[in-house]
Structures are given as C-alpha cells and as structure tokens.
Amino acid sequence: MIYDLVLKIGHDYAGSVADARHVLRVRPRTEPGQRVVSSALAVAPEPDESFAEADFFGNPMDSATLYRPHSRLDLEMRARVEVSRRAVDLAATPPLGRLADAARLCRSGGPDAPMHFLGRSRRIALPDPVRTYAAECLDNEAGAGAAILSLAMRIKADFAYRPGATDVGTGAAAAFAERRGVCQDFAHVMIAGLRANGIPAGYVSGFLRTDPPPGQPRLEGADAMHAWVTAWLGPDCGWVGFDPTNGVLAGDGHIAVALGRDYDDVAPVAGVLVTAGPQRSYHAVDVVPHEDPSLPMRETSATSASEKPSSSKDRKISSTFSL
Amino acid sequence: MTSESTALPSYASLVGVGRDEMIAPGGGVRPHYAPLLNALSTMPRSEREARFSSARQYLSEAGVFHQVYGSGDAAEQTHEWPLAQPPLVLDPAEWATLSEGLVQRAEFLERVIADLYGERRLVRDGVIPGALVGQNPEFLRPLSQQGLSGAPLIRFIAIDLGRGPDGRWWVLGDRTQAPSGAGFALENRVATSKAFPDISREMNVERLAPFFMRFRDTLYDLAGPDVTRIGLLTPGPHNETYYEHAYLARYLGLLLLEGGDLVVHHDRAEVRTVDGFRPIRVLWRRLDADFCDPLELFGGSRIGTPGFLRAVRSGALVTVNALGSGLLETAGLLAFQPALARATIGTELMLPTIATWWCGQEAARAYVTAHRERLQLAPAFPPAADAAAGLPAAEEITRLSARGFDELMRREGTAIVAQEVAALSTAPVFVAGRLEPRPVTLRVFLARDRDGWHVMPGGFARISDSRDARVVSLQRGGGSTDVWIPSDNPPRPVTLIGTGGTRFARRLPGAVPARAADNLYWLGRYAERCEVATRLLRLYGARTGEGWKAGELEMRIGGLLAELGVTVPPGDPVRGLLALARQAADTASRIRDRFSPDGWRTLREIVRLIVEAQDDDGTELVGLTSAILTHLSGFAGLVQENMYQFLGWRFMQSGRSLERAQMSARIAASLLSGEPPEGALEALLGFSDSSVTYRRRYFVDLSRETVVDLTVLDPLNPRSVAFQANALFEAVSALPGMDAGETPDMLFRRLARLRVRLQTAEAQEVAPAFLTRIGGDLADISDLFTRRYLLSSPRRGPGHEESE
C-alpha cells in the first residue's frame, strides 16, 4: 500500500519566543517492510539553522534553530511511503519461554540489537504490578507471537482510551494504575510488561491509516500521531509490531516514523525555548492510501483531522528577571 | 615535652592483623616513614599542634569547603574541609611499580571505551554481556560512533585503590566521567606543606604542579594554536564539589563555565560574554554527561546547553573526558576484567581488581546467594540522571529472607553486583592528640598527553572515621590526607602559579561570561545594600539608644529600613540584616573563581557576626552595626586595592555605584519630604558619613541647601549622588561597545543626561520630586544595563516559572 502523509504541528505562543532550538522526529523511517518514496519538511518561520541527520536507531532527525523572535511555529511534513510488511505467522514463532534466554545471549551490538530494548529506560520503570499483570497472559509454552498479541489484546480490553486523562509526561506506572490513557500510555505499559519478563520491546511512533479498508472498523488513534510496540521474537523472526491501543498486530496500515526505547527517544518535537506564558498547540494528521505510485502528491490536503493537545515536550523558560 | 617515640609502641599495639602503611609486621617503622615519624617524635606537642593549626588556618583562609547534601528538603550544608595529619607516605619503589600498573590500566580502559563506542566487538565476541552496554544509562546512543575516529575518549581519570593484607594495591573502582578530588589533593598539599615545609623538603616529596602543567598544555594542544581560553564546565554552585571547580579554574587559568553560559551556533559552541559570543573548543568537563544537552540527552536537565551534542559530533567541541566515558565506571565490568584485558591489550592486568560478581548471570547469582554474608551488593550500573528505581538499602537486603534474596537476584540481578568486602590497610593519623591506625583508600589521578599516560605523584587519601569502616567516604564522615612520594632527588621548583608561558603573556582577561558579570554586578549592589541598611540601622540605634523617644524622624528611618526588608524594634532587625548579608555572600560564592578568597571570607565573616548576634539576646545594635561596617569597609578596600581593575571589576563597581546613588537619593527624598522633622539634616549627614566634611567645608550652621549640596550634588564627596553617578558613568564608559565615536547606546545617553542633571542642579531645586526622578532614572539605567550586558542568557534557577 502506498500512503501520502501530511503532518501539521503548530505552536502558538502567548509571548514572543526569543530563541528556540528544536529536534524533530517527524519523517517516516525506512525499515524492513517500509520504504520512503519521498519526504519533505517545512518549518515556518524559516529556521536560521537546520540540519538533517539520522539518530542511533536510524530515525530521520531534523534540527531547527530560530534566533529571531517569533510568536508561532508551524511544521508541515509531507511524505509518500510504501508499506508492505511481511505477514507474521504467529504459529511459527518460537515458544515464549525461550525468548528471554535468546535475548540475553544475543551478541549483536547494532541499533536493532535486543540489548538496547531490555531493562529500564527513561520512561520505563519495571514496577512489580506491571510485571505480574503481563506475566499472567504471557504463557511460556505458547508461541511468542500469540502470547504477546494476547497481552496487547488484554491491555486493549482492560484500559480505557481517554484522550486528556494523561499527559505527555505520564509514566507507565501511573497509566497502569489508572487503567486509562492514550496510545503512548498503552505502549509504555506493554513495553514495561514485556521487558519485566525479559522480552525485548521498543516504542514506535507513527501514523495509522485514517480510513479503514471496506468492512473493517476505524482504528483508534488515526487522527493524530499514533504509537505502538515492537517486540523481538527471536533471531529468526526478528522484530514484530503490536498495537495495544487496538489489540492487533501492526500491519500495512501502521506507518512507522521513529523507533526507540520509549517515548523520550522518539518525541516528534523536542525543544528548548525561552518564552513567558502558556502556549496553544495543534496537531493534525492526514493519511491517504492509494495503489498508484504514479499519482502526484496533492498540494493541499483537505484534512479530516481534528485538533488535539500537542504531544511535544517543549520546555519553556520564562525570562522574568527580578532583583 | 611529650615524645612520640614513647607513643610508638602504643601505636604498634593498635595495629591489627592487617597491613599497616607505617609499621612493618615485625613492629619496626617502614623506612620511607622514618624521616616523618622521627620529626614528629622529636618535636614538642605544642610545636606539632602549631604546625597542624597553620595547615588548618590555610584551609580556612582559602575557604576550602565541601558540601554535604541534606536529606529531603534540607539545604546542603557546607563543611570545613576535614584534613587529617600526617600525610600518607608511600614507598617510592612500590609507587613506581604501582604507577606502571596504573598506566597499563588507563590504556586498558581507553581500549575498552573505544570499542564500546565503536565496533562493540567486546559484545559481539561475547567478552561481556550486551546488557552491560544496552541497559547502561551511561551508554550514550547519540555518540555511539565516537570511538571510531581513534581520538582518545578519556584523558583525565582517577582510580580508587585499597591495599590488601598481602601488600598489593587493588582497584576498587574507576572514575572516568568527571573525577573529583584532584583539586582537593592540591589543597591538601598546599596546607600540609604549611605544616611541614622543612620535612617535605628533606624528604624530597614529589611535586604535583608539573602534572597539572602538562595537563594544561594538553588541553591547549587539543584546542589548536589560536585559542586563548579553555573552559571548565561545572554544574554550578549547588554541586558538592563546586569549590574544587572554581579552585582548579583559577589554578589552571580556565574559564569557569556553566551550561547556560554556552550556546551552540551551527556546529560550534560559543560562550555568551558581555562582549558578544566567543568560540570555545575545549571543555574540561565536570558536569555529568546526561545533563549536558536537554535536547538529545536528559530532557529534564536545567543545567545543560541545547545543541551541545551537535557540536560534539561535528568535532568542533572536545570535552575531557568525552561524554559517555562514565560507561567505564560500570561496576559490572569489574566482573569481566581478565577476559576484557585479554581481548583488548592481550595480556594480564598488573593490578588486581576487587573480586566482583555480576548478578545478571545464573552461575554468579548462585555463588552470591550461597555467600551473601561476606559479600556486599552494589549497583551494577552508574547512576542514571533520572533514576526511576534503585536498589533496596543495604540493611533491607541484609534482612531479606532466603526467598526474598533469591527473588531480588532473579528480578534485579542485571542491575546488581556483589563484591568482596575489601580488607583495607591502615595508615597513622592523629586522633585527639595521638596516632591511631585508620583504614585508608587512595584515589590516584592520571592524565594523558601526546606521549601517553602520566600518574600524578601523590593523590587523595581517604581516612575512615572508625577503625573498621567498610566504606570510606567523605559524604559519610571521615577525613583525607595528603599523599607523599619521597624521592632521592630534590625536585625542581616549579609551580603553575606565576609561571605563565608565552601563551599567557600580556593578555587581558578578555570577555567575561554574561553570568559572571551578572553576579559581579549584583555582588556590588548587594554589598552596598547591606551597607546602607547597616548605616540606617546604626543611625536608628544611636538615636533610640540615647533614650530618645521614637519620633517622626525615627519613623521615617524605620520606613526606609522596611523597604530593605529590615524591621526595627519591636521587630527583629538582625534577621533582615542577615538576609542582606547572606545575599551578598551567596552571590560572591557563585563567582569564587573571579574573586579573592579574602573578599569572600570577609563577607562570610559578616554573616557569622550577625548569626552570633542573633543567638545572643542582649545584642546592642550600635555595636553590631559598627562591627559590620568595619568589615564592609574592609571588603570595599580589598575590592579597590586587590582586585584586578578590568572588566569584572567594572561590573562590580557599576553595581556598587548604582546602588549607592539610588539609595542616597531615596534616603534624601524621604528625610527631606514635606516638613523635614527635627534632626533630619543631621541624620542625612550622619548617614552619609559627611559630618566632618561638612564642618570643614561650610562655616555655617546646618541648612537645607548646604546639606543637600554636600550629600547630593557635591562631585567630590564619595557619598553624594553626583559622585556615584560620575563613577557609574566612568565604569560604564569603559565597557565593551561604549567606544567613543560610535553612535551612543541608549544606556550611555541616559547616564550622560543624568550626570548633566546633577551637575547643573541648584541646591534649591533638589526637592523630593527631583530626587525621586533621579531614583527613577537610575532604575531605568539598571534595566538598560542589564539588557545590554547581563541578559544575554536567561537567568536559570530559582525565580523561574517553568512548565512542560
């Protein structure tokens, strides 16, 4: 499937921003089963400095620095991506019980090595309740794929999808205690549950196909950037995506932007800026599927997206100056 | 005369079965200790005490202290530096052998880190488990390739050692991120030399200065030929070793920088100075890596520089040590030493490491569980900036049932090591006047230059508080001593202070970082504000003390004091005064690298005076305020006479002049407003210390005009508003960007106008409205000044609204 993607993120600052530096992870990544045909990023006002590089995990990373005072910032990312993931034969995955040992003994040191996706990371503590919760449906005798999918389904069943119930800073433990949240929280809970049981798991940010194929239900999380989990199923099967928000395997409708150990590695917009007062944000996504690679990309999108609080981790430093 | 030789048998009897640094197993004194012990034995106790006290006095005068973190909300406290005597003396032949082992270890560590930030063969070949890298908070992924270039990632490290019963030195741990203690070792040396100048000469104790000089040259070599300044990056004044950072910066001539002083433009790091941005290429880093860049590393860091990693990756900024070198501090790596050594340097390590088991492996866990009584658990990884969960406390672990321990091992084993409890050697230190053997550990320092690694001939010895402490740490009490390596040859006299190669010749201090200038400016203002309040309070105390009933004049003075946060009786004026004095002393302690220890000590002394007065019920205001004023004039004298009168001094002077002019105008306006009360004119003269001058200059009785003339308009009276406006103008005119011939800056124009206003005013027109207007002008000038020179960086720290 080919997708034309449009992502728009904007910030309206109450006061003027003097100086800002951002790191953006908004362009789709290239990975097995996903090919980026083209991508373009526009930032307004035009940054005084900008660079594009790839981070450790191979995610495209753009830096944008503005020195001139500005009171709003808009980003627009457009991309065409071809997604054709191999079908996962859940029956062919190794027994879950063997996975933890295989992961521990794996000697790969590359960016996709299991060693990076075990244990704690900034957003992932390994609280006992989450460990136990996950262990309850991780049957060591079952095939790893089926067992992990059952965890994703359990999270979907047990947790309420409630935008606004949590914020971008919520950790896995808090979301778990509340049993509600958004895709980011579900992904963190699932990652913590898997890692606490020795299974390598990572965080994927990305897009979800907006309009479901005929006869299928519309998935949650399609009107904004989405998040899901990637789990390691052994040296032969490699990494497979699981979407705990929807209780499904990540398929051709999941378009990956960035992969990391948790949200902190993939935050779409990270910034340090100096301003006073609050800011308003918008965040809109449009994902248009088609089968024809020769189709020109649309110039403007009639976006169907709604507004939602942005999930940027911008940090503001007010420049109040006192005695 | 008490002789130590009679005390020696008692020392020998205190030495346990373990190894003692001074006493050989047979009870005899080891030869390398003999000269020191002989000297100590033959000197009278009074002389010994006098020598120790001169060392202590040096430390206290230099303001050497360290901070101990309070628990919870309690603020950190500063403590006197716990220097113990006598120094630890090491046998030169043994030291030479030890040094070889240390250099080998440094080379080994260098290879390990290069691989882990490069090809990671050590993981691929199974030499170490991937978990030690993959789950390590010090493995910085944004720099995962930095070892490939071949440039060394570590250049200044410390290694902690303890000596076992067999006389061998054992490695207890590696300090490769930003090791502390080298500056304290230097201070210990200077202080100890004050106590034993003759003995250290006689023993030809190896000097430390050449080691530091070579390291400084290394830093300049790294920066390239045209670089004038190297920075020392500090977490700031709240860090426990900030004193050391300031000391080393002063000693090596480095620019003491905080993350907020730096900005990254394109690929380059620059320093925000009062004269614009100045490039910086090399930083000696004392800030933990994860805090360096809130954009790509720990996002919660408030003390970093956004874009820092970008400058590092481009190669334009070099840090010593490289960010991420803390990876080598991973205790888990100690469990794999022989294999790591074979894989990297192809040979055995000369220095053994403390026996360590990494509990991430089944076999190790079984061993540790079986021997838990004689092992100590510790974190396998270096601490994370945002550590979510730590190990249970040691006493909790001790109480764990067999099942509970098993469970802990299984769940958290990856994050735990078990180590043998080191049996440390003992060294002699004086405790309550007599020598006692105390367990000792040794921190040694190594620096790398183009020729390879060099060991600092000496180090930092930590002495335990109790005879059988398992862990020797300053944070938990205990002391430290100097470390002497005697030699057969007299050392060449060399010191960093005052040498200065051609590189330093005729170079003005140059651009002051905006933050330092800001602190200097406010130090000037706060010191002056403290003086104004003290003068007002003295005036108030003198009048009420003489039995006057508080009348209109006293009420006005009380109102002025209240504006400064000082409440007159029945309130507690001492409390307000203390707050003002602390403000000045705290500001001074933030710029200790640019400020004489004497000036800083004077301000601390004022704080101490007031604190004592507070504890004392019968404080008499006049006495206290006079004592404070004496100290403040001492401070002013030091600033005037001893401070290098360049940029930094001008900022301080500007703050002082501005504050004094503003306060003088405010006080005159208040005392002269409406119908001036009885005694207002005398009070104004008294406040500005101008009574004597007045009698000399005007042969008339007090009149409003003449008093105003002297205290506001007279350009020769240093207490007048006009004098201070002129002084401010002079100081500002000499600041960068105020060059004659250029379009005058707004700040310059406002100042010039103010001067003219004061120069041309008639005494009759100096009414409260005029004075209030002058005060307003000065407030505007302060704002312009701040915007022009000090506000190039956002003020961080308290007083900031922050939101996510």
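Ala432(B) is found in the loop between β16 (426-431) and β17 (434-449) of chain B; helices here are DSSP runs of H or I with at least four residues, strands are runs of E with at least two, and both are numbered from the N terminus. This is a predicted model, in which local features need pLDDT of at least 70, side-chain atom pairs count only at pLDDT 80 or more, and totals for chains, interfaces and linings use all residues. Residues are numbered from 1 along each chain as its sequence is written, and chains are lettered from A and ligands numbered from 1 in the order in which they are written.

Phi of Ala432(B) is near 50°, a positive value in a residue other than glycine. Ala432(B) is exposed, with 5 other C-beta atoms within 10 Å. On this count, 20 or more other C-beta atoms within 10 Å make a residue buried, 12 or fewer exposed, and anything in between partly exposed, with C-beta atoms placed from the backbone.

Arg120(B) also has a positive phi, near 55°. Arg120(B) sits in the loop between α4 (92-116) and α5 (121-124) of chain B, and is buried, with 22 other C-beta atoms within 10 Å.

Next, the cis peptide bonds. One joins Gln85(B) and Pro86(B), with omega about -5°; Pro86(B) belongs to the loop between β2 (77-80) and β3 (88-89) of chain B. Another joins Val320(B) and Asn321(B), with omega about 0°.

Now a helix pair in chain B. The axes of α13 (residues 362-370) and α15 (residues 402-412) of chain B come within 11 Å and cross at roughly 155°; axes are lines fitted to C-alpha atoms, for helices over the stretch in contact, and angles run from 0 to 180 degrees between N-to-C directions. α13(B) and α15(B) are therefore roughly antiparallel, the term for angles over 145 degrees. Arg365(B), Val368(B) and Thr369(B) in α13(B) meet Phe405(B), Asp406(B) and Met409(B) in α15(B), contact being C-beta atoms, placed from the backbone, within 7 Å.

Last, chain A. Which order do the strands of its open sheet of five follow? The order is β12-β11-β10-β9-β13 (chain A), with antiparallel pairing; strands pair if DSSP finds at least two bridges between them. The edge strands, β12 (248-249) and β13 (254-260) of chain A, each pair on one side only. Two bridges join β11 (residues 239-243) of chain A to β12(A), and Phe242(A) stands opposite Leu249(A) in β12(A). Helix α5 (residues 183-196) of chain A packs on the sheet, touching β9 (201-208) and β10 of chain A.

Key: Contact = placed C-beta atoms within 7 Å. Parallel < 35°, antiparallel > 145°, perpendicular 65-115°, else oblique.
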